[in-house]
Structures are given as structure tokens and as C-alpha cells.
Amino acid sequence: MKQMQIPNDVVWLIEYLFSHVLTNPNNQQVVNDIERVLDRKAKTFSEYTQKTAETGICNQVSAK
């Protein structure tokens with residue numbers, strides 16, 4: 001990352017994320033927070049992308 005001239009604070013953040021946050025066992029627990037907040041089962045990523053694609057949002061042309 002440093003060779004790609006990514007800012008030092010971003011390099012530090014990525015290093016911290018992978019060395020401390022993602023390796024912490026307390027951050028690796030699967031919980032049902034979505035179900036509790038939304039009061040319904042969470043969608044899978046495939047379900048989410050299919051429903052989103054059906055809206056046509058991905059086919060919109062942005063105005064410049």
C-alpha cells in the first residue's frame with residue numbers, strides 16, 4: 001500500500017483492522033441483530049441483489 005502511495009493513516013487503519021479487529025474472537029460471533037431490529041428474517045446477499053436488480057436502479061443513467 002505504501003508503494004502505491006496510499007496515505008499513512010489509511011495504511012494504519014487497514015493494518016489495525018486485519019491485525020486487531022478481525023482477529024478478535026468477540027468480533028467473529030454471528031448474531032441475529034437484523035431480525036431483532038427489523039422484526040423479520042434477514043435476506044441473503046443473493047436475495048438482496050436480486051430484489052435490487054429488479055428495481056432497475058442499476059440501469060439508471062446519472063445526469064452530468
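The model is a predicted one, in which local features need pLDDT of at least 70, side-chain atom pairs count only at pLDDT 80 or more, and totals for chains, interfaces and linings use all residues. Residues are numbered from 1 along each chain as its sequence is written, and side-chain values use heavy atoms, with hydrogens and water left out.

The aromatic side chains are considered next. A pair of aromatic rings is described by the distance of the centres and the angle of the planes. The structure holds 2 aromatic pairs, a pair being assigned to rings of Phe, Tyr and Trp (for Trp, the six-membered ring) if their centres lie within 6.5 Å, with planes under 30 degrees apart counted as stacked, over 60 as edge-to-face and the rest as tilted. The rings of Trp12 and Tyr16 have their centres 5.3 Å apart and their planes at 10°, so this pair is stacked. Both Trp12 and Tyr16 lie in helix α1, 4 residues apart, or about one turn of the helix; helices here are DSSP runs of H or I with at least four residues, numbered from the N terminus. Trp12 is exposed, with a relative accessible area of 52%, whereas Tyr16 counts as partly exposed at 36%. The pair formed by Phe45 and Tyr48 is tilted, with 6.5 Å from centre to centre and 35° between the planes. Phe45 and Tyr48 are 3 residues apart in helix α3 and are therefore separated by about one helical turn. Tyr48 is partly exposed, its relative accessible area being 46%.

Helix α3 comprises residues 45–54 and also includes Ser46, an exposed residue with a relative accessible area of 53%. Between the C-alpha atoms of Ser46 and Glu35 there are 17 Å in space, the two residues being 11 apart in sequence.

Trp12, Leu13 and Tyr16 make a nonpolar surface patch of about 340 Å², with areas derived by the Shrake-Rupley method with a 1.4 Å probe and, for residues, only the protein chains shown counting as cover. Such patches are made of residues with over 30% relative accessible area and no salt bridge, nonpolar side chains (Val, Leu, Ile, Met, Phe, Trp, Tyr) being joined within 5 Å and like charges within 9 Å. Val11 likewise lies in helix α1, but this residue is buried, with a relative accessible area of 4%. When neighbours within four places in sequence are left aside, Val11 is in contact (heavy atoms within 4.5 Å) with Met1, Lys2 and Ile6. The C-alpha atoms of Val11 and Arg40 are separated by 38 Å, and the two residues lie 29 positions apart along the chain.

Charged side chains were examined for salt bridges, defined by a side-chain nitrogen of Lys or Arg within 4 Å of a carboxyl oxygen of Asp or Glu. The structure holds 2 salt bridges. In one of them, Arg36 is joined to Asp33, with the closest N and O atoms 2.0 Å apart. Both of these residues, Arg36 and Asp33, lie in helix α2 (residues 33–38), where their spacing of 3 residues corresponds to about one turn of the helix. Arg36 counts as exposed at 59% relative accessibility, while Asp33 is partly exposed, with a relative accessible area of 35%. A salt bridge also links the side chains of Glu35 and Lys41, at 3.5 Å from N to O. Of these two residues, Glu35 is partly exposed at 29%, and Lys41 counts as exposed at 62% relative accessibility.

Backbone geometry was considered for residues with a positive phi. Most residues other than glycine have a negative phi, and most peptide bonds are trans. Gln5, although not a glycine, has a positive phi of about 60°. This residue, Gln5, lies in the segment before α1 and is exposed, with a relative accessible area of 72%. A positive phi, near 60°, is also found in Asp39, again a residue other than glycine. Asp39 is placed in the loop between α2 and α3 and is exposed, its relative accessible area being 69%.

Note on methods: Helices (H or I, at least four residues) and strands (E, at least two) are DSSP runs, numbered from the N terminus. Buried means under 20% relative accessible area, exposed over 50%, partly exposed in between (1.4 Å probe, protein chains only).
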